[in-house]
Number of protein chains: 4
Amino acid sequence: MSKTGLYLVGARGQVASTVALGAVCLSRGLMGSTGLLTATKPFQRLGLISWHDLVLGGVDIRPTPLSTVAEAVCRTAGLMPLPEAVRESLASVNEEIDSGTAVGCGRAVRDLAEGESLSDTLSLQETVCRIREKISVFRRRHDLSRVVVVNLASTEPPIHLNPAHAGLDGLEEALVNNDRDLVRASTLYTYAALQEQCAYINFTPSNAALTPALVELAQKRGLPVMGNDGKTGETLVKSALAPLFSIRNLRVLTWQGYNMLGNMDGRVLSHEENKESKRRSKDRGLSRILGYQPHAPVGIDYVPSLGDQKTAWDFIHFEGFLGARMSVQVTWQGFDSILAAPLVLDMARLADLALRRGERGLMPHLACFFKDPQGVRVHGLVDQYRMLMDYATRVNAEKDPDRKVVSLAKEK
Amino acid sequence: MSKTGLYLVGARGQVASTVALGAVCLSRGLMGSTGLLTATKPFQRLGLISWHDLVLGGVDIRPTPLSTVAEAVCRTAGLMPLPEAVRESLASVNEEIDSGTAVGCGRAVRDLAEGESLSDTLSLQETVCRIREKISVFRRRHDLSRVVVVNLASTEPPIHLNPAHAGLDGLEEALVNNDRDLVRASTLYTYAALQEQCAYINFTPSNAALTPALVELAQKRGLPVMGNDGKTGETLVKSALAPLFSIRNLRVLTWQGYNMLGNMDGRVLSHEENKESKRRSKDRGLSRILGYQPHAPVGIDYVPSLGDQKTAWDFIHFEGFLGARMSVQVTWQGFDSILAAPLVLDMARLADLALRRGERGLMPHLACFFKDPQGVRVHGLVDQYRMLMDYATRVNAEKDPDRKVVSLAKEK
Amino acid sequence: MSKTGLYLVGARGQVASTVALGAVCLSRGLMGSTGLLTATKPFQRLGLISWHDLVLGGVDIRPTPLSTVAEAVCRTAGLMPLPEAVRESLASVNEEIDSGTAVGCGRAVRDLAEGESLSDTLSLQETVCRIREKISVFRRRHDLSRVVVVNLASTEPPIHLNPAHAGLDGLEEALVNNDRDLVRASTLYTYAALQEQCAYINFTPSNAALTPALVELAQKRGLPVMGNDGKTGETLVKSALAPLFSIRNLRVLTWQGYNMLGNMDGRVLSHEENKESKRRSKDRGLSRILGYQPHAPVGIDYVPSLGDQKTAWDFIHFEGFLGARMSVQVTWQGFDSILAAPLVLDMARLADLALRRGERGLMPHLACFFKDPQGVRVHGLVDQYRMLMDYATRVNAEKDPDRKVVSLAKEK
Amino acid sequence: MSKTGLYLVGARGQVASTVALGAVCLSRGLMGSTGLLTATKPFQRLGLISWHDLVLGGVDIRPTPLSTVAEAVCRTAGLMPLPEAVRESLASVNEEIDSGTAVGCGRAVRDLAEGESLSDTLSLQETVCRIREKISVFRRRHDLSRVVVVNLASTEPPIHLNPAHAGLDGLEEALVNNDRDLVRASTLYTYAALQEQCAYINFTPSNAALTPALVELAQKRGLPVMGNDGKTGETLVKSALAPLFSIRNLRVLTWQGYNMLGNMDGRVLSHEENKESKRRSKDRGLSRILGYQPHAPVGIDYVPSLGDQKTAWDFIHFEGFLGARMSVQVTWQGFDSILAAPLVLDMARLADLALRRGERGLMPHLACFFKDPQGVRVHGLVDQYRMLMDYATRVNAEKDPDRKVVSLAKEK
């Protein structure tokens, strides 16, 4: 079978390292498929690409080798030490990682750039060219039929959307004019990826990655894209729990969320400008599910001692019958990268399928993977899951038109 | 419009008192509809009975007046004292409450029977007759078009189902033979209710209330019934949260649940024989949602100081990608009666609708209200809600066949 | 016996209203002494003033009557409605409350001043005179032998301590010069109280209340004073729990504290300038107990729906043997005013005793009541309690020199 | 300096393996002293034995090598893999471990005995002889000046204390008569240890280990002993937190404690007869601290997925001023063996000191290390710590009589 490239932006970060570790272990049959939705029954007939046929590459601005990062993740999570063979495979993946850019990512991200990175003296267009070249070389070197680019880089400061972002012309003009106020690194990566005919997934909250201009480009070039911000922890719980209040007609008065993060992500988010992006993407879902906006501040604190172990406490204060006030508290303790990595692999497979099927523009059926699914108003987790099941049912029906269509949801 | 009776078994308990308080306040326009699902938009065109047209009555074995119980509920929940007019209305409802029976309910329940109750020396058939007579008098006195009986009595010890419960013949033979080992009080109430042409809701976990024999009777007489065990707290959270683990293909290793209850319900459940019923009804959902049975013991402890404030702590230990173990903790703090009462009112309205529509047998569309919805395998809360929405859509379509059917779920 | 006045600054706030309610109930024998440390055995022989002989008065800038506030506190806390007689007594106390000043208290506090307050056009010295006069009239009207003033007003923005605060001369110069940058309302209250020969307790974190200059004045006039910030919730738990880590030589890495408040106190603290005072007084204890400073941010959030129900969540991450990392989580849910009020009454009695005994300057034996006990380095709760027991032992020994001194701690 | 033996009963268990791992790492300077109280300043002048001079040995009925168990502990706790040199040292310690006995330990413990163990056909006296011989050989082989025996074996079913346990004569008669109903394995170990002139620490709740008869033997032979049940988790938190309620005169209504354990300890405790011992030792402290007995059940549940990670949830419901009810919740998540091991090492050093000083009978100054310190009524953690500090002060004063005695507590 033909091979597909999975090209990671931020390829030496903790999530990317865990993606690589997972891909290596899966293709060697060293672990089960817990955490991978596409390994469940409803996806079995879709012909998703096998772990074997996925080739990893990417860019980063950090020098720490992938296997070092992966080992730290394993230790924190109480996992067995990596076998030698796995360490060697990770070293090979590490060789595939090229130097990236941190244009417009703010001080917090720049401070990470201890490794080689694309010179800031390059114009925006030159930077795009270099990125395209890297992707193109990666594709040719491995003789890849398709490439999916996933943005796993640290959160950028949000960009203020203005008419220049509304259409492709505006964006290309900004590139020509080298107007650095209108773009972030993520903009350049998406633009380059689409020009190189790749599918694109924005796993971060950075809003410069999938502006209307870039979605237009995806449409035009017939490529599938989706974002934003992988849903891995507190927001995941929220999207599962919030419908309870609607279904009982209980009024949520307060949903106070406190997040503690200790990894690189946490460190970058301890900078106000970067944190702003995160807060925005975490904010939206609740009011969409409930139909009104409760008092729902979300705090994010950098707690270095936690490392990769994300801990969140949510306090939900609600009003019930006769106006009585009651509460729920939720403590979520998970390993950030370990929660995120399988989503990246799931979406790589599904984006690869979409590429093969010639889907273009946003992929709303991936909503369940995102905190803030672009273009989708459905935020309840179960309803989002149903969207994905409906998609799978449709794909199957198209493949095998004679077969009676049944809801795949029931088979699970 | 014609009036409907809501006849409560255990009518002076905390849930029933809160039902009465709510009904009084709603019909007088003294409070909003928070907590009532049937007050939300998707139900507006169904023509559900108005609060005004609901007449309350029932039986109990306890003497404490309804308004005293209701006041205690309000105080615990931090609510305003009852206005004089409401107290008076509750006193009228209290007048409607007759003496009941505690046949086969175990020692814990018997100990509550400080008030008048039906003599134990009566045969089972005589007891049934007396109950029928009470319902019949209630119906005539208020000139009711329909009556819905709801079982809110304390949990009985479970009955061991055997061939005698499998069909109506067996049950009637047991009644004739006065075989007290085969029935519980709830059996007699259901039987009497159905003979009196009432709809019947079993809000308790008592499994003697809706045996196959009684469902057969409902079918035969063209009456709607449903149970078991109102879903108000920990199990409610479970049914909202458990799908998250399926949707992420995370493996639940342990779901340890600890429930603390301080009210009468808690006191009765502190008796092993009665607790057994509860544990069983709480048990089923999780494995149905997950598709496998994790280590999931449920503890129930009587903590007198809590009174009506139910507090539950759930610890969920799960395995994710690469086998890493993570956890969620949930603390639920709610007022038991205040959570339960609106469900009773919602179901009274929906059962009244079913009566009018001539539905017979189990009402699977009420699954979202129950811990262990009889005859329904769907345990995820959102999926259960969808069943109810689909029902509402169907009813609307039948009423107004020309109107284009749209999913009501979207309107909410 | 002679009577003692308890003069409250912020006398219509929730804490003060609860103090008044408690004093009324205690002197009428309507409730037990739960929450009052001075009602326990070790204090019985000290000859503390009886609840009967305590006369309440004070000032405020808010108009809402005391009994209205007290009723709200009771309802939130699930208590019985106030008997008529108690409401009447509270109305009498309310009559004793005069208009106060909010000089230098910041916008958040000013916004509360819907009632009458001392004109801002008065000079500082004139304001002091007015306050002195009010206290003096209160003392004469009730023929009081002694007066204890307790500051229960909302938290002021912190004052930057400079040489002008170091000595009495500097302070009095500031008053003469009407230099509003150097004082806050609390400064004027303390100054006036001491000039009027009252004991003074600063129950708030406002650092302008007990500057070195004012402690000097207390020393000079032979009066006892103490502060700062009553210890009622999260910090109380901290001071009990933190010694555990020292006693096991476990290293606290992170002690993240989140506080949610919904009452007036919370509203004022939602203003950054006022919050700053609170944070500072909460900060100090932990590093004193542990002997080093862990990562220990304290968040304070205004959550209106909580009303008087303070909810705090602390996450403690610590390192143990072999460097393993473990954690403790604490959720504290209490009613702010109900936790604070008995401390005010306890300290009123103990300050009255100190007045009688001619104690002057700070009262370190009251350390256990404060988040940041002025002039005391002991922050562990049990060790602070021992200081109080030692004081009680000393007082007893002085009263009855022949009696063999035994540790009172043992009697408890 | 002379060497001291640390002889562990249950030497291949998780706690013992962690003790061995710690001792190896400490003597090689591979880790800091976090978790070790005797490494803090107040203990520095006492001349405690150095880690270097501690020689490990012991008995067990399980075959799994020490280093395998230690590695699992490290992995669960997220620690680095063991260096080769450490693994070798552990292998040497493993060589020192002899086969033990499980007489009277109940079925749950017997099931563990997959390794060699002393034959059940031996009489009690013969078994004692064999144990004595093992200890004696260990002492001679390593030329040890002193030996401290610590019982780390799984919890035995409690023994019903009767006159036969009241004095040494009764015990010796039981041994002569081979009366197996009157003894447990722990009885034999203690008896043998004392006959072999060893100090003895009972780190388990097994009440057969330090009956009055055995304390009498210790007195008679001039040997120090102490127990029972190392205080490592929920009870530790309780002993720190409970004094808060006394110091505020808050009335604890309910202290509901749920413990989840997944290791061998948990498995053994899932047997009712063994659990009973644990419950008893956990029970006592609270009422001693509070001065009354609240509703305070303690649950212990075996949750296999947790492994060595002990998780406990405590719910404390208390009454404050005006009768208002409030609550605290505590979640404790720690690694059982890692919390326990340093206590064993601390007590080994302190028992060694007591041996050198000729102390005899119980060591009340070790109270802070035990859930149920034998012969000590002080249960508050800080007060227990003070007992230890007072002891250290006394020892120092005796060593250096001219030196001015100061409280060591202050130096910390």
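Q: Why is C:Cys368 called buried?
A: In this predicted model, C:Cys368 has a relative accessible area of 0%. Buried means under 20%, so C:Cys368 counts as buried.

Q: What makes B:Cys198 buried or exposed?
A: The relative accessible area of B:Cys198 is 0%. The limit for buried is under 20%, and B:Cys198 is therefore buried.

Q: How do you know that B:Cys198 is too far from B:Cys129 for a bond?
A: The closest cysteine sulfur to that of B:Cys198 belongs to B:Cys129, and it is 15 Å away. A disulfide needs two cysteine sulfur atoms within 2.5 Å, so this pair is too far for a bond. Over all chains, the structure holds zero disulfides.

Q: Why is C:Asn178 called partly exposed?
A: Its relative accessibility is 30%. Buried ends at 20% and exposed means over 50%, with partly exposed in between, so C:Asn178 counts as partly exposed. C:Asn178 sits in the loop between helix H6 (168–176) and helix H7 (185–195) of chain C. Its phi is near 55°, a positive value in a residue other than glycine.

Q: What makes H12(C) oblique to H13(C)?
A: The axes of helix H12 (residues 336–357) and helix H13 (residues 381–399) of chain C cross at roughly 40° and come within 13 Å. Roughly parallel is kept for angles under 35 degrees, and roughly perpendicular runs from 65 to 115, so H12(C) is oblique to H13(C). Their crossing is left-handed. On the H12(C) side the contact is made by C:Leu350, C:Leu353, C:Ala354 and C:Arg357, and on the H13(C) side by C:Leu388, C:Tyr391, C:Val395 and C:Glu398. These residues divide into six nonpolar, no polar and two charged.

Q: Where is A:Asn228 found?
A: A:Asn228 is in the loop between strand E6 (224–227) and helix H9 (234–247) of chain A. The peptide bond joining A:Gly227 to A:Asn228 is cis, with omega near 5°.

Technical notes. Residues numbered from 1 in each chain as written. Chains lettered and ligands numbered in written order. Predicted model: local features only at pLDDT ≥ 70, side-chain atom pairs only at ≥ 80, totals over all residues. Heavy atoms only, no water. Axes fitted to C-alpha atoms, helices over the stretch in contact; angles between N-to-C directions. Helix = DSSP H or I, 4+ residues; strand = E, 2+ residues; numbered from the N terminus. Parallel < 35°, antiparallel > 145°, perpendicular 65-115°, else oblique. Left-handed = near helix turned anticlockwise from the far one by under 90°. Contact = heavy atoms within 4.5 Å. Nonpolar A, V, L, I, M, F, W, Y, C, P; charged D, E, K, R; others polar. Buried < 20%, exposed > 50% of the residue type's maximum accessible area, 1.4 Å probe, protein only.
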